[in-house]
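Visitor: I am new here. Please walk me through this structure and tell me what each term rests on.

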There are 2 protein chains.
Amino acid sequence: MSDEREITIYDIAKYLNISAATVSRGLKNNPMISKATRKKITDAVQTLGYQSNAFASNLRSRHTHTLGVIVPRLNSYFMSSALAGMENAANRYGYNLIIAQSLEDVEKEKRNAATMFNKRVDGLLISLSSNTQHIHHLEPFFKRKIPVIFFDRVYPHDESTSVGINNFEAAYQVTKHLIDQGCKRIMHLGGNVLRNVYQERLNGYRKALQDHHLPFTEQLHLTGPLSEQAGTDAAGHILELSPNKRPDAVFSANDTAAVYCMLALQGAGLRIPEDIAFAGFNNDPISKVIAPNLTTVEYSGDSIGHTAATYLINHLKGISDLHATNAITLRADLVIRASSLKNKNPE
Amino acid sequence: MSDEREITIYDIAKYLNISAATVSRGLKNNPMISKATRKKITDAVQTLGYQSNAFASNLRSRHTHTLGVIVPRLNSYFMSSALAGMENAANRYGYNLIIAQSLEDVEKEKRNAATMFNKRVDGLLISLSSNTQHIHHLEPFFKRKIPVIFFDRVYPHDESTSVGINNFEAAYQVTKHLIDQGCKRIMHLGGNVLRNVYQERLNGYRKALQDHHLPFTEQLHLTGPLSEQAGTDAAGHILELSPNKRPDAVFSANDTAAVYCMLALQGAGLRIPEDIAFAGFNNDPISKVIAPNLTTVEYSGDSIGHTAATYLINHLKGISDLHATNAITLRADLVIRASSLKNKNPE
DNA sequence: TTATTTTACGCAATCGGTTGCGTATCATAA
DNA sequence: TTATGATACGCAACCGATTGCGTAAAATAA
């Protein structure tokens with residue numbers, strides 16, 4: 001009763017007195033097979049309870065309908081949204097996702113890439129770990145022409161495509177907004193500049209300062225993991241500065257650090273935005289919960305994931321050619337909230 | 001130069017003048033193979049750049065070293081933490097994760113289960129969608145003795161194991177805490193009682209009321225999707241009640257609904273906890289950002305995911321037997337914060 | 001009616017490892 | 001020296017679906 005043998009196309013073939021080849025073709029709606037036999041086959045599938053064996057198929061057809069995804073970490077709002085977007089797209093087209101996290105460690109990223117390759121994913125979606133310097137570990141993919149798409153934390157490479165936003169422009173807008181509010185000493189909390197996203201945000205910040213004749217000082221530029229702790233630490237750093245050297249605004253490269261910095265400063269008695277204005281990046285749920293609400297950059301993980309996966313699949317299906325597209329830039333919008341509104345006139 | 005043929009164990013065999021069988025065994029550290037040949041094989045693997053083909057292997061050996069994971073949605077803090085925990089455990093033991101989301105829809109859950117089965121996952125980790133009534137769609141797994149572990153939103157089934165927390169007890173403690181603070185009209189914001197987690201939280205709430213001689217009234221029991229919107233709506237509902245019928249506390253079955261309810265009530269001028277105390281569930285990051293901080297139940301998605309995956313893998317490796325274990329209950333702790341502290345004496 | 005084309009299907013090789021069984025080689029015991 | 005066992009490896013079938021090629025049967029044309 002239990003542990004019955006697996007039902008294969010051979011069983012169906014025998015059952016119907018036809019060949020396994022016909023069954024295989026019938027199952028895939030090959031026009032070579034008559035409507036009548038196709039019907040008989042699908043009926044037999046029902047009555048016998050046949051389930052296709054994906055990897056017997058993979059072995060022969062050489063594609064797995066599986067996409068590999070490597071992310072720095074699974075449990076951030078942005079990343080889980082991106083994964084949700086990918087899953088949606090993948091599911092719609094009959095693809096599955098194998099997901100692994102590098103935990104910001106190149107070595108783990110390398111191992112992940114190797115297993116993905118061995119499992120013969122049809123394509124790879126990757127957002128680099130913070131300390132990845134080169135992408136030699138992706139060579140096997142390039143060699144075998146397996147498409148690779150970088151998303152968010154991308155890498156310049158002309159055989160593959162990148163999906164992200166214009167970080168430079170977004171950071172420029174944020175900084176300009178703070179300047180427009182009258183801020184003159186704007187601190188920047190940044191991430192590892194090995195990653196384009198943080199480098200570009202830094203560049204946008206600096207360019208905005210320069211365009212508005214404000215000096216850039218290393219003292220007002222902190223780099224770190226942008227974690228809760230990093231935010232709290234930044235607050236400590238600010239409080240240690242003599243009051244006349246303190247920033248009158250903070251632009252953080254993510255919302256987490258911004259929020260924890262705000263909480264610590266508020267705890268020390270500073271008022272936001274009166275004493276110090278704030279802006280973050282990501283539009284994380286916490287940005288709408290903190291009081292005052294945090295000005296930030298809306299930047300949809302879901303769209304990025306969905307777009308990246310859709311492009312990859314279209315390429316695999318031959319509908320479009322990725323090699324023609326080197327980068328896809330999605331929109332990112334400045335969301336102005338109370339944390340940065342010093343001029344109370346909403347005009 | 002490009003698109004070179006795949007390197008197989010046959011190439012290695014030819015290169016070393018041994019049989020493919022020996023190469024296969026050598027690669028898997030089969031003791032039957034001498035140390036010397038094993039060395040030669042691993043060397044040849046290096047020089048030839050061999051990469052194993054996972055599904056050729058799967059086809060014969062009938063296991064994929066892949067675990068299927070089906071979750072209601074990927075982008076919630078709890079779920080993404082659970083996935084992170086699973087990925088950690090899986091990665092450590094050489095397993096991969098195929099992840100799909102049901103988006104709270106049984107039909108999608110069914111389709112997901114079917115593809116997972118076809119891809120021949122070695123085991124399944126599943127948290128049910130809110131409207132799943134039965135689990136006939138998991139029958140193929142049971143029939144073929146593929147282990148299934150339910151986590152968080154579990155289902156009573158004696159061939160499989162559940163990993164979760166004691167929701168009844170946690171909810172009881174939360175409610176009791178609110179009662180101890182002097183609250184007498186405690187509202188409960190619950191989820192779909194089709195899911196054990198919400199049913200049990202409701203039960204714990206009711207039992208605590210009963211044990212403290214407080215009446216349970218349907219008027220103070222709202223059921224919904226526990227989304228941001230649901231939280232806001234609940235606030236609207238509360239404000240519509242005549243002041244003497246209003247609750248003096250709200251216990252929400254998740255933090256999201258609690259926080260958005262708080263924000264709306266605060267917007268209407270109510271003070272928390274003086275006018276109305278709050279408690280949530282999950283210890284979501286937003287619970288530490290909202291002012292006042294939200295009392296909640298700490299309940300580690302990471303541990304649940306890690307535990308569930310580890311048990312599954314141990315079972316697959318024959319180290320332990322899942323059938324002996326019907327349920328695993330992890331700890332959940334009441335975290336008391338300002339949103340529920342009406343007695344200001346911390347003793 | 002015969003030749004030609006089309007339609008529908010079968011044969012058998014193939015994808016790349018895995019594994020049960022058989023055996024040559026060498027060490028050890030008798 | 002011969003019998004016995006252990007060790008190390010090869011042979012070949014096998015997992016289950018796919019697909020190039022070949023062909024019988026039916027349809028159409030000549």
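Guide: Let us begin with a rule: a residue is near a molecule or strand if one of its heavy atoms lies within 4 Å of it. By that rule 29 residues surround DNA strand C. The closest are Ser19(A), Thr22(A), Tyr10(B), Arg25(B) and Arg60(B). This is a predicted model, in which local features need pLDDT of at least 70, side-chain atom pairs count only at pLDDT 80 or more, and totals for chains, interfaces and linings use all residues. Residues are numbered from 1 along each chain as its sequence is written, chains are lettered from A and ligands numbered from 1 in the order in which they are written, and side-chain values use heavy atoms, with hydrogens and water left out.

Visitor: What makes a pair of atoms at DNA strand C, such as the one with Arg25(B), a polar contact?

Guide: A polar contact is a pair of N or O atoms within 3.5 Å; within protein, one must be able to donate a hydrogen and the other to accept it, and residues adjacent in sequence count only if both atoms are side-chain atoms. An N or O atom in the side chain of Arg25(B) is 2.5 Å from a base oxygen of DNA strand C. That distance is within 3.5 Å, so the pair qualifies. A polar backbone atom of Ala56(B) is 3.2 Å from a base nitrogen of DNA strand C.

Visitor: Which element gives the most to the surface near DNA strand C?

Guide: H4(B), with five residues. Helices (H or I, at least four residues) and strands (E, at least two) are DSSP runs, numbered from the N terminus.

Visitor: What makes the residues near DNA strand C nonpolar, polar or charged?

Guide: The residue type decides. Ala, Val, Leu, Ile, Met, Phe, Trp, Tyr, Cys and Pro count as nonpolar, Asp, Glu, Lys and Arg as charged, and the others, Gly among them, as polar. Near DNA strand C this gives 12 nonpolar, 10 polar and seven charged.

Visitor: Which residues come nearest to DNA strand D?

Guide: Ile9(A), Ser24(A), Arg25(A), Arg60(A) and Thr22(B), out of 28 residues around DNA strand D. Sugar and phosphate account for 55% of the atoms of DNA strand D that come within 4 Å of the protein. Ser57(A) has a side-chain N or O atom 3.4 Å from a phosphate oxygen of DNA strand D. H4(A) gives the most to this surface, with four residues.

Visitor: What is the area buried between chain A and chain B?

Guide: About 4,900 Å², of which carbon and sulfur atoms give 50%. Buried area is the accessible area (1.4 Å probe) that two parts lose on being put together, summed over both.

Visitor: Why is the pair Glu228(A) and Lys288(B) called a salt bridge?

Guide: A salt bridge is a side-chain nitrogen of Lys or Arg within 4 Å of a carboxyl oxygen of Asp or Glu. For Glu228(A) and Lys288(B) the N to O distance is 3.6 Å, so the pair passes. The count between chain A and chain B is four salt bridges. Over all chains the count comes to 18 salt bridges. One of them lies within chain A: Lys176(A) and Asp180(A), with the closest N and O atoms 3.1 Å apart. Both lie in helix H8 (residues 167-180) of chain A, four residues apart, about one turn of the helix.

Visitor: What rotation superposes chain A on chain B?

Guide: A rotation of 180°, with 0.0 Å of shift along its axis and an RMSD of 0.1 Å. That is why the relation is that of a two-fold axis. Copies are superposed by least squares on the C-alpha atoms of residues with pLDDT of at least 70 in both. In chain A, the C-alpha nearest the axis belongs to Ile98(A), 2.3 Å from it.

Visitor: What is the peptide bond that joins Ile272(B) and Pro273(B)?

Guide: A cis bond, with omega about 5°. Pro273(B) lies in the loop between helix H11 (255-267) and strand E9 (277-279) of chain B. The bond from Ala291(B) to Pro292(B) is cis too, with omega near -5°. Most residues other than glycine have a negative phi, and most peptide bonds are trans.
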